[in-house]
Amino acid sequence: MRVVCLAGPSDSGKTTLVEELVPRLAETERVATVKSIHHDIEIDAPGADTHRHRTAGAETVVGVTPELTFGITTRGKREPPREPDAEFFGAADGELRALSRVLTRLERRGYDLVVVEGFGEAPLPTILVGDRDPDAVGGEVVGRGRDDLPDLVETVLALEPLGERSAGGN
């Protein structure tokens, strides 16, 4: 599974770039996205059955509608559980451990490509968006948001799979 990170300041155009990249990548790849959110949000309204399941103590709640399936897992970035086989980066940091766990699940589900918005400190190939300092990201800079879209698509499709990169680094 190939993974690329889009890193940049708030309101720099990361989500817009996701909206432009994903349709082109999805023409040939099974694509998932991961979005770092820096504040808590309520995605299942209080009183909804999924909310009631979660507040009853379920660590993970999965909702299945006629059009969507969604999962809610507690502990987020603060205290994600450690899984020995979910350590792409050997991450001690809660945020990177949470990302590693999500990427492991997506890989198990057979995704070819994951576009990660945020998580700029992750040691992932990174496209810089806006005025982000290249030294402020954890991965190799492989492109910039202002680059030609077809060039960015080609760059992302040429990335090595995550497992192959991490195998050499651990």
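This is a predicted model: local features need pLDDT of at least 70, side-chain atom pairs count only at pLDDT 80 or more; totals for chains, interfaces and linings use all residues.

Modeller: Happy to! A ring can still have a charged neighbour, though: Arg-30 lies over the face of Tyr-111, 4.0 Å from the ring centre.

Now to the charged pairs themselves. Side chains of opposite charge can pair when their charged atoms come close. The structure holds 2 salt bridges. One of them joins the side chains of Arg-2 and Glu-29, with an N to O distance of 2.7 Å. Arg-2 belongs to strand β1 (residues 2-7), while Glu-29 sits in the loop between α1 (14-25) and β2 (31-35), so this pair ties together parts that are 27 residues apart in sequence. Arg-2 and Glu-29 are both buried.

The side chains of Glu-117 and Lys-35 also meet in a salt bridge, at 3.3 Å from N to O. This pair links distant parts of the chain, with Glu-117 in strand β5 (residues 113-117) and Lys-35 in strand β2, 82 residues apart. How covered are its two ends? Glu-117 counts as buried because its relative accessibility is 7%, whereas Lys-35, at 47%, counts as partly exposed.

Along the sequence the pattern runs β-α-β-α-β-β-α-β-β-β-α-α. Among contacts between residues at least 6 apart in sequence, 57% join residues at least 24 apart. Of the 170 residues, 39% are buried, and the protein exposes about 9,700 Å², with carbon and sulfur atoms supplying 48% of that area.

Helix α3 (residues 94-108) has 11 of its 15 residues buried, and among the buried ones are Glu-95, Arg-97 and Arg-101, along with Leu-96, Leu-99, Leu-103 and Leu-106. From its first C-alpha to its last, α3 reaches 21 Å, close to the 21 Å expected at 1.5 Å a residue. Gly-110, with a positive phi near 90 degrees, follows α3.

Positive phi values turn up outside glycine too. Asp-11 has a phi of about 65 degrees and is placed in the loop between β1 and α1. With 80% relative accessibility, Asp-11 counts as exposed. Phe-119 has a phi near 55 degrees and lies in the loop between β5 and β6, but Phe-119 is buried, at a relative accessible area of 6%.

Thr-126 counts as buried, as its relative accessibility is 0%. What touches Thr-126, leaving aside its neighbours within four places in sequence? Its contacts are Cys-5, Ala-7, Val-137, Gly-139, Glu-140, Val-141, Val-142 and Gly-143. The C-alpha atoms of Thr-126 and Val-116 are separated by 9.2 Å, with the two residues 10 apart along the chain.

Methods:
Residues are numbered from 1 along each chain as its sequence is written. Side-chain values use heavy atoms; hydrogens and water are left out. A salt bridge is a side-chain nitrogen of Lys or Arg within 4 Å of a carboxyl oxygen of Asp or Glu. Helices (H or I, at least four residues) and strands (E, at least two) are DSSP runs, numbered from the N terminus. Buried means under 20% relative accessible area, exposed over 50%, partly exposed in between (1.4 Å probe, protein chains only). Contact means heavy atoms within 4.5 Å. Accessible areas come from the Shrake-Rupley method with a 1.4 Å probe; for residues, only the protein chains shown count as cover. A charge sits over a ring if NZ of Lys or CZ of Arg is within 6 Å of the ring centre and within 35 degrees of the ring normal. The expected span of a helix is 1.5 Å times one less than its number of residues.
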